[in-house]
Amino acid sequence: MRDKGEYLFTSESVSEGHPDKVADRLSDTVLDAFLAADPYSRVACETLVTTNRIVLAGEVRGPDTVTPEYLSHLVRLAVHDIGYDQAGFSWKNASIECHLHAQSADIAVGVDSLGNKDEGAGDQGIMFGYACTETEALMPAPIYYSHLILRRMSELRRNKDVSVAGLQPDAKSQVTLKYIDGKPVGATSVVVSTQHDAGLEQAAIKAMLKPLIESTLPEGWMPADNEIYVNPTGTFVIGGPDGDCGLTGRKIIVDTYGGAAPHGGGAFSGKDPTKVDRSAAYVCRYLAKNVVAAGLAEKCTIQISYAIGVSHPLSVYVDLGGTGKDVDEGKLEKTLRELVNLTPRGIREHLHLNRPIYVPTSAYGHFGRTPDADLGTFTWEKTDLVTDLKSAFGR
């Protein structure tokens, strides 16, 4: 984003009950099931959800104990956890089809380590990571607050809080912030659309959500009342997969930086960590966050590229957006490669990715989250390179 003048920037988020996020959740449920049985399983699972129908498809290599029947059971539990027991989409009676088959031998031979050959990347591609000082989580503010509004709605709904009585799982948010000289100073508009029980009026839902929005945004950031749009169409009773077909991987901007930074194009959910679409995007965020946390810059964009079957990255690129504090970007690129082994194996081992840790990533963003030492989740959000980076640049 620009660092001079005055402008508006917008990002959106969607809840775990949005059809595409339901699909992401189910794909990651399949992935975690395989990784729990064998941490070196290979999984590329795509999910389609529509009116009372769930379809799993893709390629896997893992234990025979992870059967289609077991996966169907886990999928039903996941839909129940999201909160769907509606006429058009219910955990109890949705049809589940499993079309997972063995991973392509041509892909496997490129990825597997054999003899003196190290593990190769699961595909070619470019991956990006980003961090900035706009929030404590070192995330762009528009996507951060878009996520936070929906997470708080979800927490209240799951806890059956009377303040959100009648709201259902499917929801979207959108936050527009005003920037002056690259710094966010307030919200000019907020949009929230949420599925609800029949008979619940639009005005009642706005009255319900307005205090939640205000408590989520920083003090003084609340937009004017006529710029708070709640269920702008007036009615949102039919929602979730019954209202709109959902597919894995259709919310890649929501999953990352809300459009404030580049995206390589690859989706995350349902992919095991040999797929650099996922693991390399995670390490890019990890490196960028540590650069900013070390005080070397106010924002940092990192790109890494790979070729299928090749272990080492073809390129590592760092852009500090003119905010580097006496930091040579070429030296920083070299330093980061020395601090972290950026081969697929090196990334997996450094970030401990061969574990069933992916279901929590499937909604409200893969980045800007709090690492959980007990669960081992969101390891790419740690800032454990700060000391080494400061030392490398004499800080």
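Reader: What makes the set of 76 residues a nonpolar core?

Author: In this predicted model, the set of 76 residues is the largest nonpolar core. The term applies because such a core consists of buried residues of nonpolar kinds joined through side-chain atoms within 4.5 Å. Those with the most contacts inside it are Ile 54, Ile 302, Tyr 306, Leu 332, Leu 342 and Trp 380. Helix α8, residues 276-293, supplies the largest share of this core, eleven residues. Another core, of 29 residues, lies apart from it and includes Phe 9 and Met 153.

Reader: Why is Val 386 called buried?

Author: Val 386 has a relative accessible area of 12%. Buried means under 20%, so Val 386 is buried. Val 386 belongs to helix α11, residues 386-392.

Reader: Which residues does Val 386 touch, leaving aside those up to four places away in sequence?

Author: They are Asn 290, Ala 293 and Ala 294. Contact requires heavy atoms within 4.5 Å. Leu 296 is 90 residues from Val 386 in sequence, while their C-alpha atoms are 9.6 Å apart in space.

Reader: How do you know that β1 and strand β8 pair?

Author: Nine bridges join β1 to strand β8, residues 167-180. Pairing needs at least two bridges, so β1 and β8 count as paired. The two run antiparallel, and Leu 8 stands opposite Lys 178 in β8.

Notes:
Residues are numbered from 1 along each chain as its sequence is written. This is a predicted model: local features need pLDDT of at least 70, side-chain atom pairs count only at pLDDT 80 or more; totals for chains, interfaces and linings use all residues. Side-chain values use heavy atoms; hydrogens and water are left out. Helices (H or I, at least four residues) and strands (E, at least two) are DSSP runs, numbered from the N terminus. Buried means under 20% relative accessible area, exposed over 50%, partly exposed in between (1.4 Å probe, protein chains only).
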